[in-house]
Each structure stands twice: as C-alpha cells, then as structure tokens.
Amino acid sequence: MSRIAMDTRAQNSWKELIEKEAATRIACKLKQEEVSKNEDEWFDRTKYKLKKPLTGNLPTSLKFPPRPNRTNTIEEIERLTEQLKNSGENILTDMRKPKKNVQELLYEGFTKEGKGRYQYLKERKLENPENKYEYPLLNSFEYGWKLNEVAQQYKTPTHGRGRIVEESFFRRNGVF
C-alpha cells in the first residue's frame, strides 16, 4: 500500500472524520442498549399466568451436578511444569533436539572465526528435514518428506537407455 502525502489541512480533516465515526458508533451503541432493555420485557414471567399448575412429570427444580473444585493453584502449575521439564519430553516444540556433538559446537569459539553458532548452523543445515522435525511443518516439506525411503525402493530399468556416448566420447571438461 502506498503512503498518502498529507499536509496539515488534510490531516485535520482525516482526524475529524475519525472522531465523527467514533461518535456515531457510540451513539448507535447507546441506542441499541435502550432497545435491548425493552426487548427483555417479553421474558418477564410475572405478566403471564398459567391456566393449569405445573405438576406431574415435569420437575419443579433442576438439580445440576456440583461444580468441580479447581485445585490448579500456582504451586500445582509450577510443580507440573517442573515435572514436564524433568521428564525430558519435548512436547511444545516442532523441532527435535540436535545431537550432543552438534549442540556442543555452539560453545566452541566465535562466529566471527567460523566456529560457534556459525558452525552449529552449518552442521544443522546438512541434516535432513526428517531428522530435524517431528512432522512436515510446511506444504513444501510434504513433497520431499521420506524421499530416501522411496529412492531405495526405486530400481533402474533393465532395458533403459544408457549414456554410453556421452561418457565415452565427450571429454571431462564438457567440450567435445
């Protein structure tokens, strides 16, 4: 979106328009509240009298089950989070933890020297997404997900064409 060049007069008119809109919204809200007060009168039970008393199969009062006591105090929540940390499970993250030797690269040297974080990210990048993530996060991940398993099942055709001429005739540098 392009920015609108505004001078002082245009800014003041814009500000006035916004204030007018806000005032209109407030007036509409107040009007709706007055109407809603009158709409609730239909529900007033004192206006209506029953011809027959309600007896028989209908219950006179409803008994709801007792509300469960909430014991989730701050101490209990802290205890549960500590228990989750101690279990070592990685529930809330999508990415798996790196191997120990890769993680130790973070603490060896500085990025400026080509070590530390730089080396860690370089090693982490070499890993396949299947080893880094629990499941495909993006749609683009789904196209190549578990591709190594499919490649192992694939066999080259027995009567397929070969590149005999290219391998024997052409030179290695690509010219003739």
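Predicted model: local features only at pLDDT ≥ 70, side-chain atom pairs only at ≥ 80, totals over all residues.
Colleague: Fine. So where does E130 sit?
Modeller: E130 lies in helix 5, residues 129–132.

Colleague: Buried or exposed? And which side chain of opposite charge is nearest?
Modeller: E130 is buried and has no salt bridge. The nearest side chain of opposite charge is K146, 6.4 Å away.

Colleague: What does the side chain of E130 reach, then?
Modeller: The backbone nitrogen of K146, at 3.1 Å.

Colleague: Which residues is E130 in contact with, leaving aside neighbours within four places in sequence?
Modeller: R96, G144, W145, K146 and L147.

Colleague: How accessible is R96?
Modeller: R96 is partly exposed, at 31% relative accessibility. E134 is partly exposed too, at 46%.

Colleague: How many salt bridges does the structure hold?
Modeller: It holds 4. One of them joins R79 and E76, with the closest N and O atoms 4.0 Å apart.

Colleague: Why are R79 and E76 about one helical turn apart?
Modeller: Because they are 3 residues apart in helix 2, residues 74–87. R79 is partly exposed at 47%, and E76 is partly exposed at 22%.

Colleague: What does R124 pair with?
Modeller: R124 forms a salt bridge with E127, at 3.4 Å between the closest N and O atoms. R124 is buried, with a relative accessible area of 6%. E127 is buried as well, at 17%.

Colleague: Switching to the whole fold. How many helices and strands?
Modeller: There are 8 helices and 0 strands.

Colleague: What share of the residues is buried?
Modeller: Buried residues make up 6% of the 176. The accessible surface comes to about 18,500 Å², and 55% of that belongs to carbon and sulfur atoms.

Colleague: Which residues make the nonpolar surface patch?
Modeller: I4, M6, W14, L17 and I18, covering about 520 Å². M6 is in the segment before helix 1 (8–39). M6 is partly exposed, with a relative accessible area of 33%.

Technical notes. Residues numbered from 1 in each chain as written. Heavy atoms only, no water. Helix = DSSP H or I, 4+ residues; strand = E, 2+ residues; numbered from the N terminus. Buried < 20%, exposed > 50% of the residue type's maximum accessible area, 1.4 Å probe, protein only. Lys, Arg positive; Asp, Glu negative; His and termini not counted. Polar contact = N/O pair within 3.5 Å; in protein donor to acceptor, adjacent residues only side chain to side chain. Contact = heavy atoms within 4.5 Å. Patch = residues over 30% accessible without salt bridge, like charges linked within 9 Å, V, L, I, M, F, W, Y side chains within 5 Å. Areas by Shrake-Rupley, 256 points an atom, 1.4 Å probe, with all protein chains shown as cover.
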